[in-house]
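Here is a short report on the model shown below. It takes confidence, then each chain in turn.

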Amino acid sequence: MIIKTKKAIPSSDITDQAVWEQRRTFIKSAALLGSGIASWHISLNSYAEDITGKALPDVQKTTIGNKLTPTAFKHVTSYNNFYEFGVNKGDPIENSKDFQTRPWTIKVSGECEAPGEIGIEDILAGFTQEERIYRFRCVEAWAMVVPWNGFSLGDLLKRFKPTSKAKYVAFQTLNDPEQMPGQKRNILDWPYREGLTIEEAMHPLTMLSTGLYGVELPNQNGAPVRLVVPWKYGFKSIKSIVGIHFTDTMPYTTWSDMAADEYGFYANVNPDVSHPRWSQKYHRQLGAGVFARKQPTELFNGYADEVASLYSGLDLKKNY
Amino acid sequence: MLQPSPLIISRVLKPLVFFSSLLPFLLLLSAALNDNLGADPIKTLTLETGDLGLYFLLFTLALTPLRNLLGLTWLIRFRRMLGLFAFFYACLHMLIYFVLDQGLILEAMIEDIVERPYITVGFSAFVILLLLAMTSFKAAQRKLGKNWKKLHKSVFVAMALVILHYIWLVKADLLLPLTYLSVYLLLLLGRLPSLSKT
């Protein structure tokens with residue numbers, strides 16, 4: 001039996017200490033340079049490690065979505081479609097830092113008995129702010145889970161006493177190119193506008209959100225107040241709302257006006273209606289990593305039990 | 001004008017260009033390994049490698065007009081390397097899309113290629129680049145003779161398809177793809193004299 005013994009390493013093969021240190025320094029600086037360029041190029045270094053922002057007082061927990069696992073705060077607040085602050089996902093967090101959300105009022109008008117205005121202080125103090133954990137599905141086939149804070153939109157709408165002529169509700173985002181640099185170019189037909197049927201707007205799942213993760217809405221997420229309609233594609237959930245209008249005709253909505261074959265008025269999440277550029281059968285969960293598989297998308301984003309009755313008799317393939 | 005010696009080109013400039021071209025890949029790899037690619041890493045990788053492929057195609061096409069403009073004939077010696085890097089990043093782009101994004105589900109890939117025009121043109125561009133990369137070596141060049149040059153002119157078709165791929169995939173803001181289109185048209189204009197000769 002042969003037992004191999006280790007040969008002594010000749011001294012000529014041993015790297016000189018000084019050379020070794022030089023190499024380490026070189027490798028370290030190369031790595032530093034590399035990671036520096038990478039973080040500059042991919043510009044993801046603005047991550048907050050923990051939840052940051054002004055805490056909302058007296059948030060009432062609910063059981064809605066308590067079985068879902070929320071997406072990390074850093075992902076929810078750094079990956080945003082908010083073209084008012086730039087078209088890239090990382091633009092809003094960068095470009096909305098100085099956005100002023102006080103004073104802020106929503107003007108409510110149209111087919112209602114008590115039109116008027118409501119300030120953000122009244123929105124925060126006048127309604128019980130709940131926590132509801134909702135699935136959020138973007139039309140671009142990615143998704144996240146967000147612990148929103150806010151209340152049912154219907155509770156606010158009722159105060160303005162919509163009449164029987166109020167068949168639809170139209171919403172409008174702030175138009176202020178000085179504060180919203182994205183509006184300086186005509187990428188979209190500013191101001192951003194969205195709409196719901198009155199039944200959709202009054203549905204208890206439809207939320208007016210003032211915060212997430214227990215803190216006031218970060219600017220990039222639509223501060224100070226936004227819509228959240230969890231069974232529709234994300235673009236319906238309009239941000240930084242300044243106007244609500246009751247109307248008897250289907251209102252103008254920004255994306256469906258721009259490309260009607262791609263974005264409908266209803267925009268209900270539906271795996272069977274394919275978008276011309278994205279299959280809607282699957283989505284990717286944000287924060288799941290490089291090797292995560294796509295998840296199958298459900299009709300109405302998994303809220304069919306609650307909302308399918310709103311659309312009985314409606315051909316969902318035509319009214320996408 | 002500036003004329004580095006053949007030795008400088010092969011021993012200094014070529015390795016330099018090679019490693020600079022590889023650097024973005026190494027940076028992406030390091031970012032991927034450090035989970036530093038953001039909320040949707042697959043999308044980040046797809047966009048970054050797509051951009052890189054496009055840049056390298058533009059660099060490759062810029063060499064001939066630059067040579068004509070500046071009289072630097074030796075620039076042409078970098079054309080194959082830059083072209084192959086364009087192919088390298090296009091390959092990564094495709095692999096990330098097929099393996100990581102589509103999870104190698106064949107039906108989903110076929111549906112995408114057939115039904116989504118921006119993917120159809122992108123895939124066509126890739127097929128052209130694949131043919132060009134496969135025939136980029138000296139032996140293929142000799143074997144194809146006159147046809148080699150004709151075949152490799154199709155890089156202009158590939159570039160046009162790549163830009164179309166970009167234009168069709170953006171949702172609203174056409175600024176970047178139209179900028180690349182302008183650069184492409186400028187590069188075409190820059191070589192009009194040489195095109196008319198052949």
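A residue counts as buried if 20 or more other C-beta atoms lie within 10 Å of its own. By that cut-off, helix 8 of chain B has these buried residues: Ala158(B), Met159(B), Leu161(B), Val162(B), Ile163(B), His165(B) and Tyr166(B).

What do they pack against? The buried residues of helix 8 of chain B pack against helix 2 (41–70), helix 5 (117–134) and helix 9 (175–190) of chain B. Helix 8 itself spans residues 155–169 of chain B, 15 residues in total. Its first and last C-alpha atoms are 21 Å apart, close to the 21 Å expected at 1.5 Å a residue.

**Confidence**

The model is predicted. It scores ipTM 0.84 and pTM 0.84. Chain B has a mean pLDDT of 92. In chain B, 96% of the residues reach 70 or more.

**Chain A**

Chain A holds 320 residues, and 42% of them are buried. Its secondary structure comes to 8 helices and 13 strands. The domain assignment gives domain 1 (16–40) and domain 2 (51–311) of chain A. Taken over C-alpha atoms, the centres of these two domains of chain A are 46 Å apart. Of the contacts in chain A with a separation of 6 or more, 71% join residues 24 or more positions apart.

Conventions. Residues numbered from 1 in each chain as written. Chains lettered and ligands numbered in written order. Predicted model: local features only at pLDDT ≥ 70, side-chain atom pairs only at ≥ 80, totals over all residues. Helix = DSSP H or I, 4+ residues; strand = E, 2+ residues; numbered from the N terminus. Expected span 1.5 Å × (residues − 1). Buried ≥ 20, exposed ≤ 12 C-beta atoms within 10 Å, placed from the backbone. Contact = placed C-beta atoms within 7 Å. pLDDT = per-residue confidence, 0-100. Domains from an automatic or database assignment.
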